Amino acid sequence: MPVTLAQLVQHSALKLTVRAGQDRLATPVRWAHVSELADPVPYMEGGELLLVTAMTLDAADHEAMRRYVRRLAGAGVVGLGFAVGVNYDAVPDALLEAAEAQDFPLLEVPRRTPFLAISKAVSAAIAADQYRAVTAGFEAQRELTRAALAEGPAALLAKLAAHVDGWAALYDASGAVVASAPDWALRRAARLTADVERLRERPAPASAVVGGTDDRVELQSLGTGRRVRGALAVGTGAPLGTAERYAVHSAIALLTLTTERSRSLQAAEQRLGAAVLRMMLSGQPDHARAVAGDLYGGLLDAPFRLLVAEPAGEPDPGAEHPLHVFAETVDSAAARSGETVLTVPEGSDGSERLVVLAADGGAVAGACEAYTEREAEEAGIAVGMSAPTGPIAAAAAYKQAEQSLSVARRRGRALVEHEELAAGSVLPLLADDAVRAFADGMLRALYEHDATGRGDLVESLRAWLSRHGQWDAAAADLGVHRHTLRYRMRRVEEILGRSLDDPDVRMELWLALKATGGPAES
């Protein structure tokens, strides 16, 4: 703690006497300053002990002293040291009464005590306090380092909370609370999600102070680059002191090291993951398991989902690439749940495609689905997800994911699961522009014929095909005689130059009618 007026009074060498303001001697002294100006306030910053001999002051003037003391108190000056035996043999009554009226600390300085001795005493006390703070900070740094190395971030937060006499919480890149200390701080930390989100939008390093009804919270971003990897929240009842500040800075450095893995390690993991994926896709599941080892081995022992993600459109050059944001979502979900996930970015900078292997029904797969519960344009990505599979069928799962991705792009969806395609109808797939163009070309001659008013060949063909070639039933649907329907079907064959006895022709015509006549909702 900084030196106080009480400590200066108790200093045996200074021989100071308290003449007023006895109840305010616990006030910290930031500096001791000598000024004989009639109005030294413009040169004060607050927290000073002002030392005077009243060389230019009329210390016997009651009104002048009232104004003088009021100005000092209003400027944050913590006390006045008045030298006796220089210009005044004793503290003038006018100054004493003014100090008592303001409850302003007034110290009598004997002639044998030079102002320099007081300044030295204050300076030495400040230096000693700073030394204690630095020493305490280094000790805190050692404790935090031992905790981080031995037990991880949760233990580090517990030590930090004890050092600052408050609480601490760690957030991941998505803004979710990863750990907190003490246990009761989890609920308090969860209320700061919006503040952490705003902090993440600023380049690292960034900080913010959030005031609450119960505490003061400092938020610090974690990360060494432009992208924020996480955040640290520290809540205390008062602003941090020097020692506490050292502890927080040490925690930031240690947490940054734990959350920001080296680029070489990331690259090595990605190369290993890419090798495991290539082996599975080439039909070598046993080799893939051997290479995966402990890093990915557990993922391959249970059913997993294979996802293929691509940008939904041209990414905004001023924003973070959508695949990078999606990858962070995957990594954050894996970190929070303790699940293993394999991510393989493709392209020179990982911005062309992202392949993800995640446990079926796990937190990562759930986070992917939650992230993509929007239109593709809004989410910035399109994702295709395979059915649950294992290493032996990885190649088939990859094709399923690509097929689902193609449908997602065509429908403007952010995520399509393979089960939708397998359990649904083929008709939504006819929405493709190429299919429509084929259908329009195949039926154009019939539509042109009907446009002349010489018959209703298109609707007659639709009714006949829907009744599987049953003349009476189709004619009844149209309200015409079956001979009229037979005539129309012969005209269809003549115009198209194709036989309706060919099942392939009937199939193509039926799909063409569906594609041009209002296919099912996608």
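Start by colouring the protein chain by confidence: its pLDDT averages 84, and 91% of the residues score at least 70. Keep in mind throughout that this is a predicted model. Now select residues 518-522, where pLDDT stays under 50. The model has 8 contacts beyond four places in sequence for that stretch.

**Stop 1: the sheet**

Next, show the strands β6 to β10. They make an open sheet of 5 strands in the order β7-β6-β10-β9-β8, with antiparallel pairing. Look for the edges: β7 (177-181) and β8 each pair on one side only. From one strand to the next, the twist averages 15°.

Strand β6 (residues 167-171) runs antiparallel to β7, and 4 bridges join the two.

Helix α5 (residues 153-164) packs on it and touches β6, β7 and β10. The direction of α5 makes about 150° with that of β6. Helix α7 (residues 193-200) also packs on the sheet, touching β6, β8, β9 and β10. Its direction makes about 40° with that of β9.

Now move to β9 (residues 216-222). Why can this strand be called largely enclosed by the rest of the structure? Because 6 of its 7 residues are buried. On one side, β9 pairs with β8 (residues 207-211) in the antiparallel sense over 5 bridges, and Val210 stands opposite Val217 in β9. The pairing of β9 with β10 (residues 230-236) is antiparallel too, over 7 bridges. Select Glu218 there, and you will find Val234 of β10 opposite.

**Stop 2: backbone details**

Stay around the sheet and select Ala181 and Pro182. A cis peptide bond with omega of about -10° joins them, and Pro182 lies in the loop between β7 and α6 (185-190). Then go to Asp165, in the loop between α5 and β6. Asp165 is not a glycine, yet its phi is positive, at about 55°. With 69% relative accessibility, Asp165 counts as exposed.

A further positive phi, near 50°, belongs to Asp103. You will find Asp103 in the loop between α3 (93-102) and β5 (106-109), partly exposed with a relative accessible area of 31%. What makes such spots worth a click? Most residues other than glycine have a negative phi, and most peptide bonds are trans.

**Stop 3: salt bridges**

The structure holds 21 salt bridges. For one of them, select Glu45 and Arg30, whose closest N and O atoms are 3.8 Å apart. Glu45 sits in the loop between β2 (31-34) and β3 (48-52), and Arg30 in the loop between β1 (17-20) and β2. Glu45 is exposed, with a relative accessible area of 69%, while Arg30 counts as partly exposed at 47%.

Next, select Arg188 and Asp215, which meet in a salt bridge at 2.9 Å, N to O. This pair links helix α6 with the loop between β8 and β9, across 27 residues of sequence. Are these two buried or exposed? Both Arg188 and Asp215 are buried.

Then try Arg289 and Asp301, with their closest N and O atoms 2.4 Å apart. Arg289 belongs to helix α10 (residues 285-300), and Asp301 to the loop between α10 and β11 (304-311). Arg289 is partly exposed, with a relative accessible area of 33%, whereas Asp301 counts as exposed at 58%.

To finish this stop, select Arg305, Asp360, Glu417 and Glu419 together: salt bridges link them in a network.

**Stop 4**

Ser386 is found in the loop between β14 (381-385) and α14 (394-411), and it is buried, with a relative accessible area of 0%.

Finally, go to helix α12 (residues 363-371) and select its buried residues Val364, Ala365, Ala367, Cys368 and Tyr371. They lie on the same side of α12, because they cover an arc of only 160° around the axis. Zoom in on Val364, which counts as buried at 1% relative accessibility. Beyond its neighbours within four places in sequence, Val364 is in contact with Val330, Ala333, Ala334, Glu339, Val341 and Ala358.

Conventions. Residues numbered from 1 in each chain as written. Predicted model: local features only at pLDDT ≥ 70, side-chain atom pairs only at ≥ 80, totals over all residues. Heavy atoms only, no water. Buried < 20%, exposed > 50% of the residue type's maximum accessible area, 1.4 Å probe, protein only. Arc of directions from axis to C-beta. Pairing = 2+ DSSP bridges. Axes fitted to C-alpha atoms, helices over the stretch in contact; angles between N-to-C directions. Contact = heavy atoms within 4.5 Å. pLDDT = per-residue confidence, 0-100. Salt bridge = Lys/Arg side-chain N within 4 Å of Asp/Glu carboxyl O.
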